[in-house]
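Work through these exercises with the model open beside you. Try each task before reading its solution.

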Amino acid sequence: MGDGAMYGLSDDDLDIQARARALADELIPFEEQAELSGLPGDVTKAHAKRARELGLHSTNMPTELGGGGRSTLQQVLVQEQMGRVTNALGWVAATPPSWLPPVATADQVERYLKPAIRGEREECYAITEEGAGSDVDAIEATARRDGDHWVLNGIKWHVTSFNTADFCFFQAKRIYPERAVAPAQPQHLMFLVDLPSPGVSVVRTPAYSHTISHHHPIVAFDDVRVPAANLVGAEGDGMAYAREWFRFERLMVAARCLGAAGRLLAEMTEFARNRHAGGGPISEHGLVAGMLADSLTELFAARSLTYETARGIDRGGDIKIAHAQCSMAKLYSSEMAGRVADRAVQVFGGRGYMRENVAERFYRELRVERIWEGTSEIQRMIIARQLTRRGPAALA
């Protein structure tokens, strides 16, 4: 979990961190059941209720809307603890779209945002396409104005949580009537789409390496009509909202990777202390000791980087620097956690390859952290771009 004095955490920081750790500890006993047979709906609802009781739901949302109003650092502390739990059980500490309040209309706040903050509604994002992943500008989905409605078309991939959500954010490029003069650069638009809606259908639901209850289907939008009131913000601002969402999610990915690595390190250290071979505990064998030492060192570095990035956002400043630093946190933390998971499987040996073992589950689950919300390669491009424009002193 880390020491408050070591990381300069306040009493308020430590309080919410402790509450998040308590929730994670309550969820951990359900991991194996979730892996092997899934959890009944009433159990999941009870977990979500518990998260709200502990003040761990909507920590990123303004207090005036019913959210927790927590600092970025405190949001990181919560998500770090949720990252200690496999099978996405920690997703009950949900974070509705923090970029939405400044641009949402009063109607959108009442119909979508406040219910999401109260845990009554859940969103998903329909952005990625078969030919457009980290390069969001390559999307081919379209939006056409038709009177007081918009008509949406496109096929979206990896629509995470579609099976549990009741509305989605759909990103598209505007198309114009033939007689209209289109802008030189296609305009990105973001829409709120209720689920289910006529014209929205699941093409298929692929199986993924991890085993969690939130699916990631391929979803078709065929002439889906939404009211003009469901356009989010101004025409042409859709890409800005996507970038803001990515920035937030990249930092939260980093936080959850800290939690996963911390859990793995604790588990494999305990096992290495008690597992004897060659006349003593394997923790005293040089090769195993080296894996433990490397894991601890990298976790310390990743946690320091992620916490400081969060503090920088809380202080305010250049948003492009924050964007690059969130990429740095995600890049290093996700790759660090992947290395720790690989070492953990090795330390546990044959046990580490059993699905009942936390190392095996994290070994599968953490691989995607280097892909979604922008691949490691994209993070390096973002970092390098800001580095060459601003110099190293501005970023580190």
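**Exercise 1. Work out which residues of helix H10 are buried, and what covers them.**

Solution. The model is a predicted one.
- Step 1: Locate the helix. H10 spans residues 358-365.
- Step 2: Apply the cut-off. Buried means under 20% relative accessible area.
- Step 3: List the residues that pass. They are Val358, Ala359, Glu360, Arg361, Phe362, Arg364 and Glu365. That makes seven of eight, so H10 is mostly covered.
- Step 4: Find the cover. It includes helix H3 (31-36), helix H7 (238-274) and helix H9 (319-348).

**Exercise 2. Find the residue that caps the N-terminal end of H10.**

Solution. 
- Step 1: Go to the start of the helix. The cap is asparagine 357.
- Step 2: Check the atoms. A side-chain oxygen of asparagine 357 sits 2.7 Å from the backbone nitrogen of alanine 359.
- Step 3: Look again at alanine 359. Ala359 is also among the buried residues of H10.

**Exercise 3. Decide whether glutamate 298 is buried or exposed, and name the residues it touches.**

Solution. 
- Step 1: Glutamate 298 belongs to helix H8, residues 286-315.
- Step 2: Read its accessibility. The value is 13%. The limit for buried is under 20%, so glutamate 298 counts as buried.
- Step 3: Set aside residues up to four places away in sequence. Glutamate 298 then touches Tyr332, Met336, Arg339 and Arg343.

**Exercise 4. Describe the surroundings of threonine 309.**

Solution. 
- Step 1: Threonine 309 lies in helix H8.
- Step 2: Trace the side chain. It reaches the backbone oxygen of leucine 305 at 2.9 Å.
- Step 3: Leave out neighbours within four places in sequence. The contacts of threonine 309 are then Leu251, Gln325, Cys326 and Ala329.
- Step 4: Compare chain and space. Isoleucine 321 is 12 residues from threonine 309 along the chain, and their C-alpha atoms are 9.8 Å apart.

**Exercise 5. Show which residues contact leucine 331 beyond its sequence neighbours.**

Solution. 
- Step 1: Leucine 331 is part of helix H9.
- Step 2: At 14% relative accessible area, leucine 331 is buried.
- Step 3: Exclude neighbours within four places. Ser376, Gln379, Arg380 and Ile383 remain in contact with leucine 331.
- Step 4: Take one of these partners. Arginine 380 is 49 residues away along the chain, yet its C-alpha atom is 7.6 Å from that of leucine 331.

**Exercise 6. Repeat the analysis for glutamine 79.**

Solution. 
- Step 1: Glutamine 79 is in helix H5, residues 72-82.
- Step 2: The relative accessible area is 4%, so glutamine 79 is buried.
- Step 3: Leave aside neighbours within four places in sequence. Its contacts are Ala93, Thr95, Met252, Ala255 and Arg256.

Technical notes:
Residues are numbered from 1 along each chain as its sequence is written. This is a predicted model: local features need pLDDT of at least 70, side-chain atom pairs count only at pLDDT 80 or more; totals for chains, interfaces and linings use all residues. Side-chain values use heavy atoms; hydrogens and water are left out. Buried means under 20% relative accessible area, exposed over 50%, partly exposed in between (1.4 Å probe, protein chains only). Helices (H or I, at least four residues) and strands (E, at least two) are DSSP runs, numbered from the N terminus. Contact means heavy atoms within 4.5 Å. A polar contact is a pair of N or O atoms within 3.5 Å; within protein, one must be able to donate a hydrogen and the other to accept it, and residues adjacent in sequence count only if both atoms are side-chain atoms.
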